[in-house]
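User: Can you walk me through the helix packing and the sheet in this one?
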Amino acid sequence: MRRHGNRVTPVKLQGAAVGDYARAPLGGRQKELQDRLDQAEARYRALAERLPIITYVAAMDVQGSFSYISPQVQALLGYAPEEWTAGRSLWLRRMHPEDRPRILPLLGRAHKGGRRFSAEYRLLDRTGRAKWILDESEVIRNAAGDPLLIQGTWTEITERKRMEQETAGRGRELASSKSELEQFISVASHELKAPLRRISNLGEMLAQRFKDGLTAQAEGLLAQIMDSAAVMQGLVAGLVKYGEADPRAPLSAVDLSAAVQHAVRELTEEIAGSGARVTCGTLPTVWAEPALLERVLYNLLDNAIKFRGKEPPRVHVSAEESAKQWIISVRDNGIGIHPRQAQRIFSIFDRLHAPKEYAGVGLGLAVCKKIIERFGGRIWVESEPEEGSTFHFTLLPPPKEGAM
Ligand code: ADP
């Protein structure tokens with residue numbers, strides 16, 4: 001190494017410097033050492049120049065004063081190695097102007113602290129096209145521990161960056177469209193509540209005040225209006241509930257057995273009224289949000305009781321571990337579902353029966369799906385008409401300590 005003022009030039013890696021040094025008269029032992037050094041350097045060079053990454057040696061400044069850069073740089077950026085080592089701060093000039101304010105202080109601090117430097121930024125090639133590189137370097141010191149120079153590598157990551165940006169863009173789109181949809185549902189359902197209440201109040205008023213003046217036909221029409229208003233109120237209440245199943249709720253370890261018991265308590269009337277029996281296997285602790293998980297179990301148990309066959313409902317909740325996740329199953333002995341319908345029942349407002357046959361608006365399973373997916377799981381049904389149904393959903397175990 002030689003020092004030029006503040007600049008340190010590693011003699012052995014620069015063609016011109018090697019020549020200067022080689023011209024100095026050498027003694028026998030010194031000559032042998034020099035030969036060995038030359039061979040080692042040639043091996044290093046051959047290796048460095050075959051690597052798919054660019055290696056370099058530079059001074060400890062933030063100008064990019066290279067004393068060596070491997071020839072692969074030309075294919076990437078269109079400038080020959082000599083242009084990089086010519087000392088005209090080509091590196092600084094070709095750095096994307098938007099990246100300079102971020103990179104230069106970072107590099108300065110790494111040098112000052114003698115730390116490794118690692119950063120991703122853009123360099124403009126000869127035609128002005130931006131290439132993303134990962135620049136990783138470290139400070140090389142002499143035997144006394146004084147910093148001498150920087151040795152580093154550039155790896156091109158343009159393609160990876162492009163894919164990252166694309167994915168991030170799609171994620172943002174999805175997140176915003178999802179929250180827009182959810183916002184819409186929540187606002188629309190709340191806004192619909194008041195005029196609906198007014199329709200049914202006015203209907204009731206009409207029926208009471210003009211009871212004697214209404215013809216049978218008018219009474220019939222009024223009853224239909226009231227029925228429709230009641231159905232619509234049910235739909236709106238369901239939508240409000242759907243909107244309330246907050247997908248951003250934080251997750252924690254939840255005792256599934258306690259959640260089932262909670263749902264069963266809420267269904268006391270339905271269970272007593274139908275003579276249902278709800279039983280449980282051994283249930284695990286899962287990664288979920290307690291109130292939302294209780295909502296899922298409530299909806300599934302409520303359906304298992306509601307869509308009962310001739311026999312009193314028998315419902316069994318069990319769990320099985322498979323591929324590092326839990327499969328929870330809610331099995332009933334009810335009317336069953338045709339496999340053809342197995343998908344659509346999880347969509348908003350999709351139901352297989354008229355409200356008169358079985359009360360409901362077709363939102364319970366859509367809510368379950370939204371919640372289970374929020375927990376990182378999926379939900380599906382296995383069923384045959386008249387054979388009962390088994391709803392399965394997957395949940396993750398709580399993350400191990402230290403991984404949270
Ligand atoms: P709702 O219960 O309000 O109709 P859901 O979204 O909970 O809405 O269910 C959608 C449809 O799926 C129901 O209308 C019913 O046809 C069918 N279904 C749900 N659970 C069961 C079940 N346990 N047994 C038979 N059919 C079911």
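Analyst: Axes first: they are lines fitted to C-alpha atoms, for helices over the stretch in contact, and angles run from 0 to 180 degrees between N-to-C directions. Helices (H or I, at least four residues) and strands (E, at least two) are DSSP runs, numbered from the N terminus. The model is predicted: local features need pLDDT of at least 70, side-chain atom pairs count only at pLDDT 80 or more, and totals for chains, interfaces and linings use all residues. Residues are numbered from 1 along each chain as its sequence is written.
User: At what angle do α9 and α11 cross?
Analyst: Roughly 55°, with the axes of α9 (residues 256–266) and α11 (residues 290–306) coming within 8 Å.
User: Which residues of α9 and α11 make the contact?
Analyst: Counting C-beta atoms, placed from the backbone, within 7 Å as contact, α9 supplies Ala259, Val260, His262, Ala263, Val264 and Glu266. From α11 come Pro290, Leu293, Glu294, Leu297, Tyr298 and Leu301.
User: OK, the sheet. What's the strand order?
Analyst: β4-β3-β7-β6-β5, an open sheet of five strands with antiparallel pairing; strands pair if DSSP finds at least two bridges between them. The edge strands, each pairing on one side only, are β4 (66–69) and β5 (117–124). From one strand to the next, the twist averages 25°.
User: How many bridges join β5 to β6?
Analyst: Eight, and the two strands run antiparallel. Ala119 stands opposite Asp135 in β6.
User: Which helix lies across β5 and β6?
Analyst: α6 (residues 100–113), running at about 145° to β5.

Definitions and conventions: Two residues are in contact if their C-beta atoms, placed from the backbone, lie within 7 Å.
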